[in-house]
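Colleague: Please give me a close look at one part of this model, and then show how the rest is arranged.

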Amino acid sequence: MRHPMPEESRPRSAPATGNMSAVDFDMLVAEHRRELYAHCYRMLGSVQDAEDAVQEALIGAWRGLASFEGRSSLRSWLYRICTNACLRLVERRPRRVLSVDFGPARVDVHELGEPVPGPVWVEPWVEEPGPAEHYLRRESVELAFIAALQHLPGTQRAVLILREVLEFSAAEVAEILDTTPASVNSALQRARATLRSRIGSPQPDGLTEQGRRELVDAFVAAWERADTPALLDLLAEDARFTMPPLPAWFDGRENVARFLRERVFATPWRLSPVTVNARPGFACYLKQPGDTEFRFGAITALMLRAGRVAEINSFLEPALRSGLPEIFRADR
């Protein structure tokens with residue numbers, strides 16, 4: 001995803017050092033833009049907030065280019081500007097959460113509550129299927145990890161991401177955050193303890209790549225033919241189904257199956273595979289009564305554990321469509 005600097009934000013004259021044009025500046029930062037966006041997404045739990053932070057940071061970098069003295073790498077300097085842009089947003093906006101942190105699970109599949117608007121929910125990061133970039137280690141963008149990060153104070157969040165995910169040294173992080181290595185190490189210990197209490201140790205999905213593809217294919221086939229018993233066979237005993245911005249979510253295989261049977265499969269669906277937070281996911285299209293085509297309805301992310309589907313997280317906000325087509329195309 002490219003986030004070019006808007007023309008109205010570019011100064012009419014280039015900085016004194018190097019007399020660099022706007023095009024030259026874009027070329028200078030191009031190789032870092034995607035990883036900066038990933039960093040801001042981890043910090044903020046929102047693709048939209050991440051876009052805002054990257055845009056603000058790159059405008060700031062452009063305006064401050066004359067002050068860049070080369071004492072650190074360009075990459076470190078850009079991370080400093082992006083991290084501080086994120087910290088300013090963290091101070092101004094409420095913490096984003098997943099459904100399980102918002103309220104208790106429900107049993108009544110016909111009472112889902114009213115959508116909760118505003119910057120409340122952790123947002124999914126949707127990518128086309130393909131090899132992960134080097135800065136997108138799978139575990140570093142998983143929904144559970146992103147959600148857990150949001151429970152950390154801003155500075156602890158930044159320290160943990162910069163040290164553990166991006167592998168900056170304590171001295172480099174201290175320079176980025178304008179603090180001391182001792183403070184960085186102390187913040188890192190507290191952040192690690194909080195994360196362990198929220199998500200524990202990572203649990204493998206217990207599948208080979210072939211086994212993962214077969215499970216996902218079976219899930220798609222069962223969903224598209226509204227085959228609740230077949231889906232039931234794929235779910236973990238403690239499976240969850242969430243659907244922000246609706247507050248309702250369901251816990252346990254039988255409750256999830258009843259919700260699918262009585263509510264979700266009241267309309268036909270088609271699923272188009274995408275990568276969501278570096279895990280299997282789908283753009284979900286439904287056909288409402290009277291429609292002749294399947295239209296976008298949700299982004300769904302699966303969490304697999306021990307060879308089963310442990311979570312189905314469906315995000316119903318249309319703004320998260322992220323460039324995906326509005327109408328289902330069978331060739332996708």
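Modeller: Phe-241 has Ile-312 in strand 7 as its bridge partner, and the partner of Thr-242 in that strand is Asn-313. Strand 2 (residues 235-242) and strand 7 (residues 308-315) run parallel and are joined by four bridges; strands count as paired if DSSP finds at least two bridges between them. Helices (H or I, at least four residues) and strands (E, at least two) are DSSP runs, numbered from the N terminus. The model is a predicted one, in which local features need pLDDT of at least 70 and side-chain atom pairs count only at pLDDT 80 or more, while totals for chains, interfaces and linings use all residues. Residues are numbered from 1 along each chain as its sequence is written, and side-chain values use heavy atoms, with hydrogens and water left out.

Thr-242 also stands opposite Trp-249 in strand 3. Strand 2 and strand 3 pair in the antiparallel sense, over three bridges, and they form a hairpin with six residues between them. Pro-245 is found in the loop between these two strands. The peptide bond leading from Pro-244 to Pro-245 is cis, with omega near 15°.

The pairings belong to an open, mixed sheet of seven strands, in the order 1-4-5-6-7-2-3. Strand 1 and strand 3 stand at its edges with a single partner strand each, so one side of each has no neighbour in the sheet.

Which strands does helix 9 lie across? Helix 9 (residues 209-224) lies across strand 2, strand 4 (269-276), strand 5 (279-286), strand 6 (295-305) and strand 7, and runs at about 150° to strand 4. Helix 11 (residues 253-262) also packs on the sheet, where it touches strand 2 and strand 3, and its direction makes about 50° with that of strand 2. Contact here means heavy atoms within 4.5 Å. Angles run from 0 to 180 degrees between N-to-C directions, and axes are lines fitted to C-alpha atoms, for helices over the stretch in contact. In the loop between helix 9 and helix 10 (228-234) lies Ala-226, whose phi is near 55°, a positive value in a residue other than glycine.

Two packed helices are described by the angle between their axes and the distance between the axes. Helix 3 (residues 74-92) packs against helix 7 (residues 170-177) at about 55°, with the axes 9 Å apart. The two are therefore oblique to each other; angles under 35 degrees count as roughly parallel, over 145 as roughly antiparallel, 65 to 115 as roughly perpendicular, and the rest as oblique. Their crossing is right-handed, a term used if the near helix is turned clockwise from the far one by less than a right angle, anticlockwise being left-handed. On the helix 3 side, Ser-76, Tyr-79, Arg-80, Thr-83, Asn-84 and Leu-87 meet Glu-175, Ile-176 and Leu-177 of helix 7. By class, this contact has four nonpolar, three polar and two charged residues. Ala, Val, Leu, Ile, Met, Phe, Trp, Tyr, Cys and Pro count as nonpolar, Asp, Glu, Lys and Arg as charged, and the others, Gly among them, as polar.

Helix 3 and helix 6 (residues 154-165) have axes that come within 10 Å and cross at roughly 150°, again in a right-handed crossing. Tyr-79, Thr-83, Leu-87 and Val-90 of helix 3 meet Gly-154, Thr-155, Arg-157, Ala-158 and Leu-162 of helix 6. That contact comprises five nonpolar, three polar and one charged residues.

Helix 6 and helix 7 pack at about 140°, their axes 10 Å apart, which makes helix 6 oblique to helix 7. The crossing of helix 6 with helix 7 is right-handed. Thr-155, Ala-158, Val-159, Leu-162 and Arg-163 in helix 6 meet Ala-170, Val-173, Ile-176 and Leu-177 in helix 7. Seven nonpolar, one polar and one charged residues make up this contact.

Finally, there is the matter of confidence. The protein averages a pLDDT of 87, with 88% of the residues scoring at least 70; pLDDT is the predictor's confidence in each residue, from 0 to 100.
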